[in-house]
Amino acid sequence: MTAASAPGKVILFGEHAVVSGAPALGTAIDLRARVSVEDLPGKTEIDIQGLGLRLSGFSIDSDGRVVSLGSSEESVAAARYVSAVVRALGVRDVRISVSSDIPVASGLGSSAAIVVATLAALSRHMGIDMDVRRIAAEAHRIEKMVQRGLGSPMDTALAAYGGYVLLSDGIAQVDLPPLDLVVGCTSVPHDTRAEVARVQELKSRYPEIVDPIFKAIGVISRKAVPCIKNMELEELGTLMNINHGLLEAIGVGTRELSELVYAARGAGSALGAKLTGAGGGGCMIALPREGTSQKTITAISQARGRAFVVRTGCDGVTVE
Ligand code: MEV
């Protein structure tokens, strides 16, 4: 048996703007997807466990199509990513078991982590030599294909490399200290592709307005790097608040997200808070004052969010 795991992520700054080439800063978090592979002569099977969901079983036919579907939409989506990796590597006669503690459809990089961990586990099992750079590139290609197209390589780069990634002209790993953030999830699932398409459409209608917003977001991403390096947390919080406002301006905020953001900044006394990922639902992040994570969690929970602490800068893909 071969097993691999890969982390989820939060985008700290620069979502959406990054799709149009502005810099974005993201980090791997301490929630992981795990994939194990064992031989199964004559069959190819995928088992999806956890994902905070039900246990479901899947089979794949000889063309790599998922033929027996489990019950939850999220499991079906996860199986589609695994099946795309199976097809890309031309693998058969294996059972692939997937489990994950990354909430799905929430902007925390669940699908990228599953693709990266599956690629790592399957390639090792088959004796295919894939270094982390190749895993990142191939995972991005596969994720893009399943999502039909629009995303940046941020999620797959973070799942593969871990740590912090500054994405602008290329993927740059940045050495920064870990932070404790509070994540607050709305119960509204989001659709990254639809949100990206809507923002890009807004940009093509109002380039003279949206381009400067993207430029400002890019400046924030770059300014954040020395702030984290020097642990200037008050300033980092301010940058989060400005970035949230700019994301609201391009229409990806929602009432539910803003309620959690304002609860975190108000009763939760966070230094800053913003939505993370594509918006339209999903999650927000807050930077708590030192020693007050619980206060921020309570404030978000009272605003009907599901809140928990994550540590940033965690390890990328590992094979056991
Ligand atoms: C989604 O997590 C972040 C977006 O910028 C899309 C992407 O970068 O692929 C909205």
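Between domain 1 and domain 2 of this predicted model, the count is one salt bridge, a term that stands for a side-chain nitrogen of Lys or Arg within 4 Å of a carboxyl oxygen of Asp or Glu. Side chains of opposite charge can pair when their charged atoms come close. Glu 15 forms a salt bridge with Lys 274, and the closest N and O atoms of this pair are 3.0 Å apart.

The two domains, whose bounds come from an automatic or database domain assignment, are domain 1 (2–174) and domain 2 (180–311). Their centres, taken over C-alpha atoms, are separated by 24 Å. To the contact, meaning heavy atoms within 4.5 Å, domain 1 gives 30 residues and domain 2 gives 39 residues.

Domain 1 and domain 2 bury about 2,700 Å² between them, with 68% of it on carbon and sulfur atoms; buried area is the accessible area (1.4 Å probe) that two parts lose on being put together, summed over both. Of the area that domain 1 buries against domain 2, Phe 13, Glu 15 and His 16 supply 26%, more than any other three residues.

Across this interface there are 13 residue pairs in polar contact, both residues being at pLDDT 80 or more. A polar contact is a pair of N or O atoms within 3.5 Å; within protein, one must be able to donate a hydrogen and the other to accept it, and residues adjacent in sequence count only if both atoms are side-chain atoms.

The ligand has Glu 15 and His 16 among the residues around it, together with others including Val 18, Gly 151 and Ala 278, where a residue counts as near if one of its heavy atoms lies within 4 Å.

| Residue and atom | Distance to a ligand oxygen atom |
|---|---|
| Lys 9, polar side-chain atom | 3.2 Å |
| His 16, polar backbone atom | 2.9 Å |
| Ser 152, N or O atom in the side chain | 2.6 Å |

The structure as a whole holds 16 salt bridges. Asp 47 forms one with Arg 95, the closest N and O atoms being 3.8 Å apart. Because Asp 47 lies in strand 3 (residues 45–50) and Arg 95 in strand 5 (residues 94–100), this pair ties together parts that are 48 residues apart in sequence. Strands here are DSSP runs (E, at least two residues), numbered from the N terminus.

Residues are numbered from 1 along each chain as its sequence is written, and side-chain values use heavy atoms, with hydrogens and water left out. In this predicted model, local features need pLDDT of at least 70 and side-chain atom pairs count only at pLDDT 80 or more, while totals for chains, interfaces and linings use all residues.

Technical notes. Helix = DSSP H or I, 4+ residues; strand = E, 2+ residues; numbered from the N terminus.
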